[in-house]
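Me: Please take me through the strand pairing and the chain contacts of the model shown here, with the criteria behind each term.

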Amino acid sequence: MSITTTPNGYTLNDAGQRVVVDPVTRIEGHMRAEVNIDENNVITNAVSSGTIWRGLEVILKGRDPRDAWAFVQRICGVCTGTHALTSVRCVEDALGINIPENANCIRNIMQLSLQCHDHLVHFYHLHALDWVNPVTALKADPKATSALQQQVSPNHPQSSPGYFRDVQNRLKKFVESGQLGPFRNGYWTNPAYLLPPEADLMAVTHYLEALDFQKEMMKTRTIFGGKDTHPNWTVGGTPSPINVDGIGGVGGLNMVNLNQVHQILMDTKTFINDVYIPDILAIAQFYKGWLYGGGLSGHNMLAYGDIPDKANDYSPENLLMPRGAIINGNLKEIHEVDLRDPEQIQEFIPHSWYRYPDGVKGLHPWDGVTDPDFDVSTAKGSKHNIEQLDENASYSWIKAPRWRGHAMEVGPLSRYVIGYAQGHEYFTEQINGVLKTLDIPVSALFSTLGRTAARALEAQWAADQQLYFFDKLMTNIKNGDIATHGGEMWNPADWPKEAKGVGFSEAPRGALAHWIRIKDMKIENYQCVVPTTWNGSPRDEAGNIGAFEASMMNTKVAVAEEPVEILRNLHSFDPCLACSTHVMSEDGKELARVTTGPVGS
Amino acid sequence: MIETFYDVMRRQGITRRSFLKFCSLTAAAMGLGPSFAPKIAHAMETKPRIPVLWLHGLECTCCSESFIRSAHPLAKDVILSMISLDYDDTIMAAAGHQAESIVNEVIEQHKGQYILACEGNPGLDEGKTGGMSCIIAGKPYTEQLRKAAKDAMAIISWGSCASWGCVQAAKPNPTQATPIHKVPDIGNAPIIKVPGCPPIAEVMTGVVTYILTFGRLPSLDRQGRPLMFYSQRIHDKCYRRPHFDAGQFVEAFDDEYARKGYCLYKMGCKGPTTYNACSTIRWNGGLSFPIQAGHPCIGCSEDGFWDKGGFYNRLTSINQFGIEANADKIGGTVAAVVGVATAAHAAASAIKRAKHKGDQE
C-alpha cells in the first residue's frame, strides 16, 4: 500500500477496497477500470486500462497512401469518417494537394453530421442509463409526463398523455416478459438515480425516438459517401461529382439529392433543439448537485481545431472549432499548438504494453513506434486471468501522449472551454445560457455533467454549421463552380521520393491527428494519436495520471458493488477504445512518488 | 406476457390488414413468393423472443452502428420485440461482473436455444500480444467466445471481421486475428457469415428476421453466406453496368464521365468480383451505395479485400478501351478476365475450406 502525490496534483492511496469494473460497457471497444475506495466509499486511486489492440499502424506500412483512409476509418465505426477525413488531410498535407471549395463544404457537412449523430447516440444510447432509470419510468403518470414534456420543450409534437401511456405500456410489457434484454442486471435499485418517474419516462421515450431518428440524420453521408457506416472519401476532394445541369445528372449530386440533404439538415437541427437540448437541461436540474468527475478539465485542456471555413487553410483563424492548449487552469493564456514540433506532442510507454528500441523516451509521432509487448507478470492473477492490474508496471494497450509533458483532456468540454476563453461568440452565448438556466457557476462546467452538457451544446452548434456549409455549397453551384476533386497529384509517379505530413480534426471525442511518412510511393510510417489515447492514457514516467483516471478520483460511490458513478464519469468522455491504442514522454523526469504515513508501501 | 412482433405492429396503430400486407412485402423482399406470407404472419404473431448474446472481439463497432440504422424493421423493434438482446457490451446497462454473469446465465438457461452474434474476431497471437490483444473481464476474448459458441443454436458472424478477419487480419496480421469459423475448438454450431464492412443494415435485420420467422437458418452458399443476399456480384446488378458494356468509363474523379455517371471500373471498382447486395438493396433504407455516390466499390464483403492490390488499381490491366462501336468485344474481354480471377479465387477458397472445419455447405 502506498500514498503518492502525482505531479498533476492527485493524491493516490491504494489502501482501501479494490473494485474492478471489467468490461466497462456502453463504450466503443474494450476497457477495464480499477479503483480503490476508502471507508466512506470515496475513490482514492483510479486505474484505467485499454484492453484491445489491433495494430493498424503496423498494417499500414508499405501500403498506397491513397488507400490509408479506408484502413484507418476502420479504427472506429462509431466515429466513422473522422479518421478517414484526418487521413486524407494528412496525405494531402504531405503531397501538397489542394482540394476544391465544394469538397471542403461537403467534408465539413459530413464531419459535422458525425458530431450531431455521434453526440446524440452517445447521450441517449451509451450514457443516459447512467442517469435515467427505465424501471422507475413504469411508475410515471403519463399525464404528468406530458405536462413535463410540454413545459421543457413546447415545440416537440410527440407530447400527448396518450403517447406517453403507449410507450409506458410497451415498456411495461417488455419488463413483465421477464426478458429485460439490454436492461438486464442494471443497477435499478441504486439510490444514485435521482430522476422522478415522469422525467425517467420522458427520457426513455426519447431513447427510443433518438434510436429511430439517428438513422435519418446520417443519410447526408450516404448521399455524399455512398453508405453509412463507413462512407467513402478520397484524397484530393470528394468522390461524388456535382451535376445539376448536364447530361446524366442523375449520375452525380443533383437537385434531388441536394434537397434530401437540406431536409435532413433541417430535421437534425429540429431534433437537437427540441429533444436533446431540453432533455439535457431537464436531467441536469436533478443532478446539478452531483458535480464529480471534473478531473483534468479545469486544468489541462487541448484542442487542435477543425472545420476550415475556406478550403486548404488550416490556420486557427480559418477554423470554426477552436484550437489551443490551456495549462494549469490558466484560462487567460491559450497556448499555440504545433503538431509538427517534436517537443510538443510525444507518446510515452512506461505503463503501456509496448516497447521502444531506445527504452522509454518519448517519441514524436513522425518517429513513433508501435511494437506490442504484453506483460502482466507483476499483476495479481495470471497472464490469462488478470485479477488486479499493477499500475506501477505496464497496464494498458493505450500509450500515454503528453503535450509538453502534460497529461491533457480533449473533447467537447475542452473545445468549449478553450472557445469560451477565446471569446468564441456562439459558444459563450450557449454556455452563459446553460449556467443561467441551471443557476450554476462557471466552475460547475468542470465536471462529468459539464462534459455531457458541452457535448449537447456542440451538437446544437454543429447542426447550425451544417446549414452554413450547405448554403455555401449551393452558392458555389449557383455561381457555376461544381468542382469536387482537383485531380492534383493523383498519380503516384508525380510524387516526391520522400514526403511527410500531418492531418488533424476534432473527432466527436476530441483532438485527433495522424502523421505519415511516405517513401517511394508507399507508407513508411503512420501514427495516429486519437482522443481516447489522450483521455484514457495510463500514467507516464513522471506519474501523471490521465483524464479518465483523474475523473474517477475523489468521486463518492453510493454502492461499491454497483459502480454507476464510475460509469457516469467514464462515459462522459464517450470512450472509444478501438481508437485509442498507442502514445509517449520526455525522458529524465523523476517520479514524484512519496510514500508516507503508517500504511507503508 | 410476451410481446410478439404482431403486438408491436398493432400497438403502433397498424391494422391487421396492413400487417398481412407487410408480411407479403417481407416475403417478396426475401424473394420467397406470396405463399410464404401466412407463415411469416404466423411466426410474428406467436413466437417469444429468442435470447441473443452479441459478443465483441477485435472490431470497430461498425456492424452495430450499421444494425441500428435499419429502416425495415427498425432496430428498436428488433431489440424490444423480436429478440432478447441479453448481452451486448455496446449498449447494455450492466457492467463488470453483473454483465459477465449474464453470459453464463443465458448459456445455462437456454442451452442450444440462443443465438451467438459475433462482431469482430479474436487475436490468437501468443507472442508479443500474449493472446491478450482483446481482454474481457481479465481473460482473453477467445475464452468468452468459445464458451458461448459451444452451446449456441447458431452463430452469426457479423461483418468481415467475424467472417474473414478484415482489417486487423490484413498483412502482417500482428494479432493473428482469426475469423470465427477458423478459431480452434469453436464447436459445431452452424455459422452464418454476413460479410461486409459493415454489412448493409437491412441485410443484418433481414437475416435475423428470417431465422425468427421461419425457425431455420437461411440457405447458405459454399462459403457460408446467405444465398439471398450474397449470391450475385455487385457488377451483375449495377445500374452503371450498361456503361461498362458500352466501354464508357470514368477516367478520373470529377471528370466529364464521372458527372455523367459512367462505369468506375477503371477507377479500381471491385464490383465485378464482389458478392454483395449493395447494388440492389442499397444502403440506409435504399438511398444509395458507393458506386452511386461516385466511388469505386472497394470490395469490403470479400475475403482478404485489404490485400488485393490497392483500391484504385483496376482489376485487370486492359489497355485501349474503345468507343461504343466495339464495346461488346471490350466488355466481353473484361468479363472473361474477371471471370478467370473469380474462378481462381473460388478454387483457392475451396482449398482453404477443405483445411478448416466450420464452413457451411
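Me: Which residue is the bridge partner of Met31(A) in β5(A)?
Reply: This is a predicted model, in which local features need pLDDT of at least 70, side-chain atom pairs count only at pLDDT 80 or more, and totals for chains, interfaces and linings use all residues. Residues are numbered from 1 along each chain as its sequence is written, while chains are lettered from A and ligands numbered from 1 in the order in which they are written. Strands here are DSSP runs (E, at least two residues), numbered from the N terminus, and two of them pair if DSSP finds at least two bridges between them. In β5(A), the partner of Met31(A) is Gly50(A).

Me: How many bridges join β4(A) to β5(A)?
Reply: The two strands form a hairpin with five residues between them, and Asn41(A) in the turn has a positive phi of about 65°. Val35(A) has Ala46(A) as its bridge partner in β5(A). Strand β4 of chain A, residues 31-37, runs antiparallel to β5(A), and the number of bridges joining them is seven.

Me: In what order do the three strands of the open sheet in chain A lie?
Reply: β3(A) and β4(A) pair in the antiparallel sense over five bridges, and Val21(A) has Ala33(A) as its bridge partner in β4(A). The pairing in the open sheet is antiparallel, and the order is β3-β4-β5. The edge strands, each of which pairs on one side only, are β3 (17-21) and β5 (43-50) of chain A.

Me: Why is β4(A) largely enclosed by the rest of the structure?
Reply: A residue is buried if 20 or more other C-beta atoms, placed from the backbone, lie within 10 Å of its own. Strand β4(A) is largely enclosed because its buried residues number six of the seven.

Me: Which element gives the most residues to the side of chain B that touches chain A?
Reply: Counting two residues as in contact if their C-beta atoms, placed from the backbone, lie within 7 Å, 79 residues of chain B are in contact with 89 residues of chain A. The elements that give two or more residues to this side of chain B include α5 (75-82), β2 (83-88) and α12 (256-260) of chain B. Helices are DSSP runs (H or I, at least four residues), and the element that gives the most, with five residues, is α6(B).

Me: What percentage of chain B counts as buried?
Reply: The secondary structure of chain B comes to 13 helices and seven strands. Of the 361 residues of chain B, the share that counts as buried is 56%.

Methods. A residue is buried if 20 or more other C-beta atoms lie within 10 Å of its own, exposed if 12 or fewer, and partly exposed in between; C-beta atoms are placed from the backbone.
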